[in-house]
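Colleague: I would like to learn how to read a model of this kind, one feature at a time. Could you take me through the general idea in each case and then show me where it applies?

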Amino acid sequence: MQQSSHAMPVRATPCLWVVGQTAAPGATPRRRPPYLVSNASDALPPWRPRAMMPPPLFSVADMRAADRHVVRKAAMLVGLGNYSHPTTRHSIGQYCLSPLIHRAEAHDAALRAEIARRVARLSPDAPTFELPVPVATEPFRPVAASKGWLARVSVLLDAAPPKGDAARRSPHFSLRAYPYVLYDLVLYIPRMLMNVNGRGVAAARAVYPDIALTDTLLVHDELQRAFGKVSFKQGGSAAGHNGVKSVQHHLGNDVPRIRIGIDRPLDGNVSAYVLGSMPPDWLETCAHGEVLERLWSTLQTWCLSRT
């Protein structure tokens, strides 16, 4: 995929929903999908009280220099599920995407602040590199051509191994060999049922034709793993997951994916279990706890493996 130095535009399309629209007197108001959020700090589940939300973090927008070179890439994250039942176990992949936007913004702000400190410590004759300013987050909004909701967030990642990693002790290690990677992440939620999610994914990829299939990542539930376990899989069998089957029918079997464990039902009634609501503690850890952190860590690893 060719790297782009500018933001990827979304073709203008009629809106299916209007944020903040008031229904006409006597009319039945349309239910507002939970994925429509007005700004990045609202990209959290509606059940969480505003007073409990963490304060918004803002990127260091005026930082234009870095101590290492910066490369730019793009990827698409797809949350599989039933859009009409966003808090069920089967839709956990969709439920986690909005909190993931907020998590990416926080990481971007923290890394840009760290880069500012690193640049300030450089000697006057040390080389510096251009650091692109952060692109404004685009929260989830309906895009008719995509057959669903699209969002976008840009996040800066550091490809260097973390401090204490064995790679840093190598006599051939050079920090300058590892770039910063500015990822334009497109997030997508199909506006259709799980069994036909693949049609939506194909439509969303047509909106962003420059994003290669290998840069499209599915996020979905996994019965074979305990709740909270997050793992990456490169293609392979759908293991009975109808959403994955649908995507593979349209795009082939090589689409990478992140699986979030949801356990198996003790009574063996899989259908009722996956379509049942997630307990409150599940919702909390998916939005602000260990599941979100594991998902973010797995996503970072996948992104940086592509540099």
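Modeller: Helices (H or I, at least four residues) and strands (E, at least two) are DSSP runs, numbered from the N terminus. By that rule the chain has seven helices and nine strands. Please bear in mind that this is a predicted model, in which local features need pLDDT of at least 70 and side-chain atom pairs count only at pLDDT 80 or more, while totals for chains, interfaces and linings use all residues. Residues are numbered from 1 along each chain as its sequence is written, and side-chain values use heavy atoms, with hydrogens and water left out.

Colleague: What is the order of the strands in the open sheet?

Modeller: Two strands pair if DSSP finds at least two bridges between them. Here seven strands make an open sheet in the order β4-β5-β6-β2-β7-β9-β8, and the pairing is mixed. At the edges lie β4 (138-143) and β8 (230-234), each of which pairs on one side only. From one strand to the next the twist averages 25°, where angles run from 0 to 180 degrees between N-to-C directions and axes are lines fitted to C-alpha atoms, for helices over the stretch in contact.

Colleague: How many bridges hold β4 and β5 together?

Modeller: Four bridges join β4 to β5 (residues 148-158), and the pairing is antiparallel. Within this pair, Arg141 stands opposite Leu150, and Pro142 has Trp149 as its bridge partner. The two strands form a hairpin with four residues between them, and Lys147 in the turn has a positive phi of about 60°. On to the next pair: β5 and β6 run antiparallel, joined by 11 bridges, with Leu156 partnered by Leu182 in β6.

Colleague: Is Gln248 buried or exposed?

Modeller: Buried means under 20% relative accessible area and exposed over 50%, with partly exposed in between (1.4 Å probe, protein chains only). Gln248 counts as buried because its relative accessibility is 13%. Gln248 belongs to helix α4 (residues 242-251), and, apart from neighbours within four places in sequence, it is in contact (heavy atoms within 4.5 Å) with Gly236, Ser237, Ala238, Asn253 and Arg257. Over the chain of 307 residues, 48% count as buried, and in β5 the figure is 11 of its 11 residues.

Colleague: Why is α3 described as largely enclosed by the rest of the structure?

Modeller: Eight of the 11 residues of α3 are buried, which is why the helix counts as largely enclosed. Those buried residues include Asn197, Val201, Arg205 and Val207, and their cover includes β2, α1 (92-95), β5, β6, β7 and α4.

Colleague: At what angle do α2 and α7 pack?

Modeller: Helix α2 and helix α7 (residues 290-304) pack at an angle of about 65°, and their axes are 10 Å apart. Pro99, Leu100, Arg103, Ala104 and His107 of α2 make this contact with Leu292, Glu293, Leu295, Trp296, Leu299 and Gln300 of α7. For residue classes, Ala, Val, Leu, Ile, Met, Phe, Trp, Tyr, Cys and Pro count as nonpolar, Asp, Glu, Lys and Arg as charged, and the others, Gly among them, as polar. The contact residues then divide into seven nonpolar, two polar and two charged.
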